Amino acid sequence: MLVNQFLVLGAVLFSIGVYGVLARRNGVLVLMSIELILNAVNINLVALGALQGASGAVTGQVFALFVITIAAAEVGVGLAIVLLIYRNRASVDLDEVDLMKG
Amino acid sequence: MAAQNLVFAVLAVVAVLAALRVVTTRNVVHAALYLVAVLGSVGALYVLLAAEFLAAVQVLIYIGAIVVLFLFGIMLTRPTLGRESGLDNDQRWLAGITGLFLFGVLSYVLVEAFGDERLPRLEGLDREALTAERGTGAVGDAIFSTYLVPFEVVSVLLLAALVGAIVLARRE
Amino acid sequence: MLENAWVIPTLTFVSFWLILFFGKRLPGHGAEIGIGALGLAFVLSCVAVVQWVDRPATEVVPHGTSEEVHGEEEEEHGAAGGQRGEDRQVVATAVETGGHGEETPIRSAVERNVTWFTIGDVEVTAGTAVDGLTVVMLFTVTLISLLVHVFSTNYMHGDVRFTYFFAALSLFTTGMLLLVVSSSTLQALFGWELMGLCSFMLIGHWWEKAENSNAAMKAFLTTRTGDVGLLVGIVTLFFAAGQTFDIALINERALTGAIGHTALVVGAVGLFIGVIGKSAQFPLHTWLPDAMAGPTPVSALIHAATMVVAGVYLVARLYGVFWEAFDIGAGGVNPIAVVGGITVLIAAALAFVQDDIKKVLAYSTVSQLGYMVMALGVGAWTAGIFHLFTHAFFKGLLFLGAGSVSHAVHSFDMKADMGGLRKYMPTTFVTFLIGSVALAGLFPLAGFWSKDEILVGAAENGYPVFELVGIVGAFLTAAYMTRCVYLTFFGEYRGHAHPHESPRPITIPLMVLAVFSVGAGLLNAPGVEKFFEITENRVFLLAGVEHHSFEVFPAVVSTVVVLAAIAFAYLLFFERRLPRGLTRRNALARSGYTLLTNKYYLDHLYTGVIVGSVKGAIARAAYWFNQKVIDGVVNAVGIAARRSGDWTYRHIDQAVVDGAVNGAGFGAEGFGGILRTIQTGRVQQYAALLFGAATVLALGLIIFV
């Protein structure tokens, strides 16, 4: 297998995730898109690790595990924020959350 | 070899199509289910890359916990289920262009950098030695020796996230 | 005890948890645990002091190694070389060993380290390093903390968060003790931050009032500003000194020239920014007076005797770094001395216009901390530490005295609610007076000796300007303390409560501290010099820091100045001989007064200008620029042009100029408008810009690099 099979697949998923983050209005959907991005990164980590032999493979997996952990934390906090927004505004439309407007 | 490539092709197609549906579907619950498909294929890809522990974690944590969390999030924030319009904002085209552009740059860089470099073949190697070298045991050893400090830091981060989530979502 | 110094902070740390978990159920609500632990810690500290004094001086340090490496510097301040020989004789006779010309045996520091964790090849150790400076700090901190605990049992009696208060005091003491005993900068940082946290908790102890929680926030954020510098300094030194956090090693490598000068300067400046924040030096001193919102025992413990001197301690501890980086031995100007000197004067001036007794003491503390920093900056290491030591006693005494007064009159306002209290509270009056005189520095009280050493040090090391600063500071100190004592204890009672002498848990700490305020200075009096002998350490000798003992001339000068200040203030307040209402009649005096009451407008600068400008978006600035400047200029030009051109070529003129005017106006407005559209406040749009920009940059990287 070419390593680029995995890397380019990662790039595709990453770009799709970026599109989702930028184009979606629903807070939950944005969080899902972020998961796509993180998965793309994980594929890259594992594939590049496998390229480096045994110790590299282990390192890649460990890093991917850390990323999964952080993803779990991110979803937890992210959903809490979305819930809070929903509770305050009865909507999860991110276009309405523009208090930082200059 | 061909079998592996075939499996890869199937998984990749499933992952990409499902991912596209995640970001384009007009039903939020469907998006979550498509996300399951993406995550499942990625997990299968890990198996293809001989990272079976990671695949198990992918299924347990991502599909088992995170997607369920998403479903809860959807239930709690949108009482009416079903198709709805207006899930996308008005900068869809800008976002599409950004995504395509990004993909172009990334794939160009990857092709330039790795060309047709191949992953090392594992077939025919001693199975037990392979397991000892890069199996679940090896990953566990690495976490609890080389990466002990980052591991502890991550556990503190999880704790902080737990506390943060509770504080944020708690009703006053 | 010297090897097991870790026991002392551990005691208070255990005490913190015990109070937290069991305090509420105990008859004393947790106070007894804190006092017990602190008492034990104090006894152990005393043991440590005794053991240190008994420790034979065996380590031979080649005197002035740095001079051998930096041969040029030796010649620069070679004039001081003759003096150095004499000093060494003093040391030699004091320890009754050696006296072999260039080599003087000193007591070696007791270090004990364990591996904390390993990252790659770098082994980070944790442990204790005990030397003279450490034992002195241990003694001071545990003593003051113990007395404050005793004081608080009565002062805080009936408080809603009594137990919590004692737990926080214990944790705070742990932080300071940890800092003092730690052998590595990283560990010291832990203690440092622990103190910052506890300071926040204690200043905001009565957080129900918004101003108290604001003061806590301000203290926390201001010190945090400095801590960024500290972190940069520690990391810089970590890499510059060959990946080590070990303080002794860093000092040694700094002094032997193993660390490049640039890295050393960066590290020292970073550390010093941390010191400025923590020790309330100009320009980050504004948090300390506000911190008086906390309970008075907290002010005494944290904001007089321990936490704020942590910065001074840090400079003294890493003195090798500062010495080399700022070339302190060479005389001339260096940032430490300048910052210290400025702080001495501005804070002393501010102390004059305060009506709140605690604020007077707070500014006085800032000013005295300036003295210590200045002393370290001019190379008078022993003098700075000695002043830290004596100041802890009399400033702790003054704060606790103020607490005793407020306990009686339920107020801190000297003008409105005090006066004539000497009749009602004799013990408090006498002890407060002793503290004031010690602070003012009259013979033979504690402040006299330490202040004189600073003055001598500044003069001898080639810093005459800072000697002058010290003398002026002494004048101001004596004058504002006279004012403070007058307003509080003399004249007619102006308050409404019924003042009474405070009960014993309050007066006993006052008396103990009064004894120390009288006697502590004698430790380093000429002929005794015990303090110098105890604190002398390796860095001290390696760098060739000189110790100048007592001299008669500056002592006489400062005494005369202090007496003059007291006389001046006496005439002003007691006899009312000097013109009153000066500030109303004289414009200069009035503007000075306004400047002082507004604290030099530093708070306005911080909150108004800096925070405000960060808050205001760029678009607003652009919009303002567009509205006020561009439009104004354009309109002015337009009007002038139109008037002059009105006589002939009216139509062409109008068309051209107006066109240009409008064009410019519209252009500017359009520009502002474009900037405004970017500021939609929608995060996703920002994210799109971010991703787009990052991709474009990546593309640029691919193409051009």
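Which Phe residues of chain C form one aromatic cluster? C:Phe42, C:Phe139, C:Phe386, C:Phe389, C:Phe393 and C:Phe516 do.

This is a predicted model, in which local features need pLDDT of at least 70 and side-chain atom pairs count only at pLDDT 80 or more, while totals for chains, interfaces and linings use all residues. Residues are numbered from 1 along each chain as its sequence is written, chains are lettered from A in the order in which they are written, and side-chain values use heavy atoms, without hydrogens and water.

**View 1. Contact between chain A and chain B.** Chain A brings 69 residues and chain B 82 residues to the contact (heavy atoms within 4.5 Å). About 7,000 Å² is buried, 75% of it from carbon and sulfur atoms; buried area is the accessible area (1.4 Å probe) lost on putting two parts together, summed over both. A:Met1, A:Tyr19 and A:Arg24 supply 11% of the area that chain A buries against chain B, more than any other three residues.

**View 2. An edge-to-face pair in chain C.** The ring centres of C:Phe13 and C:Trp17 are 6.2 Å apart and the planes stand at 90°. Rings of Phe, Tyr and Trp (its six-membered ring) pair if their centres lie within 6.5 Å; planes under 30 degrees apart count as stacked, over 60 as edge-to-face and the rest as tilted. C:Phe13 is partly exposed at 36% relative accessible area, and C:Trp17 is partly exposed at 38% (buried is under 20%, exposed over 50%, partly exposed in between; 1.4 Å probe, protein chains only).

**View 3. A stacked pair in chain C.** C:Phe238 and C:Phe245 lie 4.3 Å centre to centre, with 25° between the planes. C:Phe238 is buried at 10% relative accessibility, and C:Phe245 is buried at 13%.
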